[in-house]
Amino acid sequence: MCQKIYAQVVIIGSGPSGYSAAFRCADLGLDTVLIERYDKLGGVCLNVGCIPSKSLLHIAKVIKEAKELNIAGVSYNKPVINIDKIKDWKNSIINKLTSGLSSMRERRKVRFFQGNAIFNTDKSLIVENQKDKFIIFFDNAIIATGSKPIKIPSISYNDERIWDSTDALSLKMIPNRFLIIGSGIIGLEMATVYSALGSKVDVIDRFKHFMPMLDKDVSDVYIKSINQRFNLMLNTYVENIESAKNELIVHMIKDNLDKKNKYYDAVLVAIGRKPNITSLGLEKIGLKINHLGFIQVNNQLRTNISHIYAVGDVTGAPMLAHKGVHEAHIAAEVISGKNHYFEPQVIPSIAYTEPEIAWVGLNEKESKNKKIDYEVAIFPWSASGRAIASNCTVGITKLLFNKSNNKIIGGSIVGSNAGELIGEIGLAVEMGCDAEDIALTIHAHPTLYESIGLSAEIFQGTVTDLLNVKK
């Protein structure tokens, strides 16, 4: 028998976008239902993405730093890796966070239904699991179903040694020879983890340029830092993968000419992600998808059906949890009657590698395309007292300023904890700060974040920590 349920708002998907939308709706006094196909809240990000990857990256960072302390006269034995204990520790972090979400859901009186959802009409959903079937009628719906890995059509995924990001984070094994296809954020983070755990890692990418969203001087600093940890091969693609008893034979082509076979114990495919929308029945209700395959929304996150909203990865790039959370808040507030809009000046991006790479706002290429007369100011971490004392001199802080009004328009950081440091630059761009605002803000010394103030001083021509080229 099909149970009938009514809610003012129904949210499909319980990742950061979904649970944030549900909790904000509840806080605004709306009767809210949250649907998730899995048993636990948190989606990919919490269960098999952001959180477990950062747990493993923390381990990788500690291993690297301990090894590097040899130069300071502090030596440790080679680390003993216990995969089962690492898994238990990682899972304990996930369980702590998911249980916290469940507690907040209950205290907010958000009703939860586990199962697969499909639109029946533009005012109702059918939700079904192994035991029950529900029909949920709603006034408003928010689609927050996230994304899934893109597969390479020429590769057969029947071999359990061919992984996606979920497999890599589950720590099935530590392969001696490990190939990562894709040099995006996921691929680089997994290269960081597995190289620290003892794998010999190759990373390949079919593009000629490494992380094309970065300026070359930024990416060059990172590439220089990884040379002794893993191998990066650009302009290279996989033709096919052959399964042998004791290894995977990867047929790859470099520079469209050089064919070679290489042998690996495991291969991770990390070439990007696509939206989880094919099973929702969107075509039945006439909901519009854009030319890139994402749900089309306006700046209030409304779809072409005005009472159905979409947030997070399903709305397109950048596919980042923090973007989705802010979209979720706006959608909930619009539903509650507030005249709010999603109009951020900038959205930060971070690769939690070692060293980290973080960027926000415009880069040089984008500035040129917009015909902005800009100036670059770079502070090298080799001149930072804190970086030298902390053995993390491989890094730069780079700011871009609009020369017509001296306002900051973007910035990039390569270095330890760059993801934490980028926040000041994002706030500065969002608030329309000029170079003087940043340079005259007293930054604590010795810190890594003072490199932001020093970069602004370079632009101002007032820096004393380096030769003042403007003088």
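Gly-29 follows helix α1 and has a positive phi, near 85 degrees. The structure is a predicted model, in which local features need pLDDT of at least 70, side-chain atom pairs count only at pLDDT 80 or more, and totals for chains, interfaces and linings use all residues. Residues are numbered from 1 along each chain as its sequence is written, and side-chain values use heavy atoms, with hydrogens and water left out.

Helix α1 itself covers residues 16–27; helices (H or I, at least four residues) and strands (E, at least two) are DSSP runs, numbered from the N terminus. From first C-alpha to last, its 12 residues reach 16 Å, close to the 16 Å expected at 1.5 Å a residue, where the expected span is 1.5 Å times one less than the number of residues. Most of α1 is covered, with 10 of the 12 residues buried (buried is under 20% relative accessible area, exposed over 50% and partly exposed in between, with a 1.4 Å probe and protein chains only). Among these buried residues are Tyr-19, Phe-23 and Cys-25. The buried residues of α1 pack against three strands, β1 (3–12), β2 (32–36) and β6 (133–143), and against the helices α2 (43–48), α4 (83–107) and α9 (321–335).

Turning to the chain, its secondary structure comes to 14 helices and 22 strands. The radius of gyration is 24 Å, close to the 23 Å that the globule rule gives for 471 residues, so the chain is as compact as a globular protein of that length; the radius is taken over C-alpha atoms, and the rule is 2.2 Å times the number of residues to the power 0.38. Along its principal axes, the C-alpha trace spans about 75 × 60 × 45 Å. Buried residues account for 51% of the 471 residues. Of the contacts (heavy atoms within 4.5 Å) between residues at least 6 apart in sequence, 62% join residues at least 24 apart.

Two loop residues complete the picture. Pro-212 sits in the loop between β10 (200–204) and α7 (216–226), and counts as exposed because its relative accessibility is 52%. Although 28 residues separate Pro-212 from Gly-184 in sequence, the two are 9.8 Å apart in space, C-alpha to C-alpha. Glu-343 lies in the loop between α9 and β18 (349–351); with 54% relative accessibility, Glu-343 likewise counts as exposed. Its C-alpha is 6.8 Å from that of Asn-299, a residue 44 positions away in sequence.
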